Amino acid sequence: MSAFSGGGAGEVPLLDGAPQRASGTRNAAFSRAAALFGGGGEAGRAEDDEPIAADLEIGSLDFKPDKSADYQKGAGQGRLNYMQTPSLDSSFVLTDGSDPPEGATSMLPFSCLFIAEGEWSGSSTKLGVWKAIDRFSLAIGLVINMIIDPTDEASKKKESFHESSLGPVVSSLAAESIQVENVEYLRGETHYIAVTVKKISLLQRGVLLQDRSALNGAPLLGRANVDDQALLSLARVVATHVGLPETTQFAQPHPAKLFDFSTRARCLVPFKVLGVARGGSSNGDDGGSGGGGGGGGDERVVDFELAAQPFLASAESVQLSRSSEEANREVQVLVEELSKLDAEIEQATAKAQQAAIELGSAAGKEVDSEAAVAAATSVGKQRRAEVQKKLVEKEKVAAIAQQADRRWKESQAAAMDANRRVAVFPIGDSLLEPFWPQGLGSNRGFHSALDACFAVRVMKNEGLAASLLDRAFSYDVMINQPFAPGTIEPGSGWRSDYLSRYAPSVLSSMVLMYDNPNARRLYKGRGAVPPRISKMKEAGTLAGRKR
C-alpha cells in the first residue's frame, strides 16, 4: 500500500485560533502520521488601553469549529445521537505500483498506519471511518489566555487550581450574574483560564446577540451571533475574579475563545483495514465500506473493519441478525394491533349507526348518525393514530437494520476478496473526542496510543486477526470505564501492554460483559476476549495478579 504527499487538498483547520498553520495537505497525512500543528503569534500588545477585538483578530470561534454539517440523524440512533458515515476516498490511498496523482511529491509505502490528527482528522474521513456522535445537554466553554507580567509579584506566585460549582470564584461570579459550572486556572507560558459558562449569562452580557435555540439551522455560536468586544469584556471580568490584576494584558492571537462541546464523536470500531482486490470499481463510485480506491491495473483498494477478524465478524453477524429480527418483530406486532383496531373501529361504527337508526325509528325522527359514530370511535381512532406513528418509526428502524445488514455483507465480500491487508489505528482525539468536563482527553489519548502500539506488537508476533481482536477488547475496556480511582494502575509501571495499566477488576468486568446477554452491543461472547485474558480469567489469575 502506498501513500503520497504534496499538492493542494486544503489547509489544516485552525485549532487554537493561531492565524497561520503549517501548510500542507491532508493527503500528506499518510506520510506524516500526525498532523503538524503550529502555534505562536506575537506576545501581545503592551498598551494601557483595553484592545479592541478587531485589533486582536481573536478568532473567537476557531477553538472548536462546528462539524455538525457532517453528522446524520436517523431512526433507531436514539434521541441524542448522530452518525458520521463517510466513504473511502478513492484518490487518497493507492496500491503499490500506482502512478502518483498530479501534484504529489513522493510515494511512501506503509504496512500499518496510526491516525493522530485530532478530532478534525481529515485522514479518518477520507478512509471512511464511521463515528457515533453522542450529544449532551448544551455545554459552552470559554477559554482565556493572558500574558504573565514578570514584574508582578502576585501573578508570579499564583498557583494553578480547579474549582467546582461550589467554589469561591464560581460564587463570586454568580454574584455578578455570571453563571459558570466550573473554573480552571493554569499558570504556564500564559495565564490560562477555562470555564463552562451558561448560555443565559452570555445573552445577558451581550456576547450572544440572539438565543438561536429555536431557529431553524442557525447556530448559536455562529459568527454573526457573537460580539467579540463583549466577549473580551466578559473575559476581563472572569480573569479579575480568578485573581489577575485588571492591568493584565490579553495574549495574542487567542485571548478569548468560545466553543460548543455538547457533542463527542467516537469511532465505532478502533481500526480500519485496507486491502487490495482485483476487478470491480476502481474509482470508488460504489461508495460505502468495500468501495475501491485507485490502483494499478485491475487492482483496487477496499476497506473493511470487523470483517477482517473471524470471531468479531461472526459476533457482528449475530448482532445484526438479532437487531433485524427484533425490529421486524416489533413492526409485525404493531401491524397486527392496527388490524385489530381497524376491526374494532369498523364494528363500533356499525353498532353506532344501527343504534342511531333504532333511536330515530322510536322517536319518529331522523337521528344524526355521524355524531354517534364519532363518539363511539373517538378512543379507538386516537389509539390507532398513536400506533400508526409508532409503526412509522419502527419501520424506519427496520429499514436501517436492513441497510446495516447490506453494508455488512458488502464488507464481508470485500474482506473475502482482499489481500495485502494493512491495519489503520486512529488514536487520541481521532479515535475518541474528549468531553471537556470529564478531563479525560489526555488520559484516554495516552492509553489509546499505547493500546495501538501493543496491537502492532501482537500483529508482529501473532498476525493481523489476533491484533484486531486484542485492539477491539482494549478499546471496549477504555471507553466503558470511568477512570475512577482504583481503575488505573500507577503510571510508573505503565507499558504498552494494557495489563500493566488497567486494574484487574476492570478487565474482569469486561470479560463478564462479553458474556452478558443484557449488555447489548457488548454481548459478543467469550471468543471476543483475547486468549491470554481468557486463560487468566479461567485460571483465576486475572483478578488475583499483583498490582
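Predicted model: local features only at pLDDT ≥ 70, side-chain atom pairs only at ≥ 80, totals over all residues.

Reader: How many aromatic pairs does a search of the whole structure find?

Author: Five. In one of them, the ring centres of F114 and F425 are 6.0 Å apart and the planes sit at 85°, so that pair is edge-to-face. It links distant parts of the chain, with F114 in strand β4 (residues 112–115) and F425 in strand β14 (residues 419–426), 311 residues apart.

Reader: Which residues form an aromatic cluster?

Author: F454, F473, Y498 and Y514 form one. Y498 also has a charge over its ring: the charged end of R532 sits there, 5.0 Å from the centre.

Reader: OK, and what sits over the ring of W130?

Author: The charged end of R407, at 3.7 Å from the ring centre.

Reader: Switching to the inside. Which residues touch the most other members in the largest nonpolar core?

Author: That core has 64 residues, and L127, F271, L274, F304 and F473 touch the most other members. Helix α10 (residues 464–479) gives the most to this core, with eight residues.

Reader: What does F271 touch, leaving out residues up to four places away in sequence?

Author: Its contacts include F425, flanked by V424 and P426, which F271 touches too. Also among them are L468, R471 and A472, along with E305, L306 and L312.

Reader: What's in the second core?

Author: It's separate, has 33 residues, and includes I140, V169, L234 and A235.

Reader: Zooming out, how many helices and strands are in the chain?

Author: Twelve helices and 14 strands. The chain has 547 residues, and 45% of them are buried. Of the contacts with a separation of 6 or more, 73% are between residues 24 or more positions apart.

Reader: And how much accessible surface does the chain have?

Author: About 26,600 Å², with 52% of that belonging to carbon and sulfur atoms.

Reader: Last one: where does UniProt put the "coiled-coil region"?

Author: The annotation, from an unreviewed entry, covers residues 324–358. In the model that stretch is 100% helix and 0% strand, and its end C-alpha atoms are 51 Å apart.

Key
Residues numbered from 1 in each chain as written. Heavy atoms only, no water. Helix = DSSP H or I, 4+ residues; strand = E, 2+ residues; numbered from the N terminus. Buried < 20%, exposed > 50% of the residue type's maximum accessible area, 1.4 Å probe, protein only. Contact = heavy atoms within 4.5 Å. Areas by Shrake-Rupley, 256 points an atom, 1.4 Å probe, with all protein chains shown as cover. UniProt positions renumbered as here; feature names shortened; annotations may be inferred. Phe/Tyr/Trp six-rings, centres within 6.5 Å; stacked < 30°, edge-to-face > 60°. Lys NZ or Arg CZ within 6 Å of the ring centre and 35° of its normal. Core = buried A, V, L, I, M, F, W, Y, C linked by side-chain atoms within 4.5 Å.
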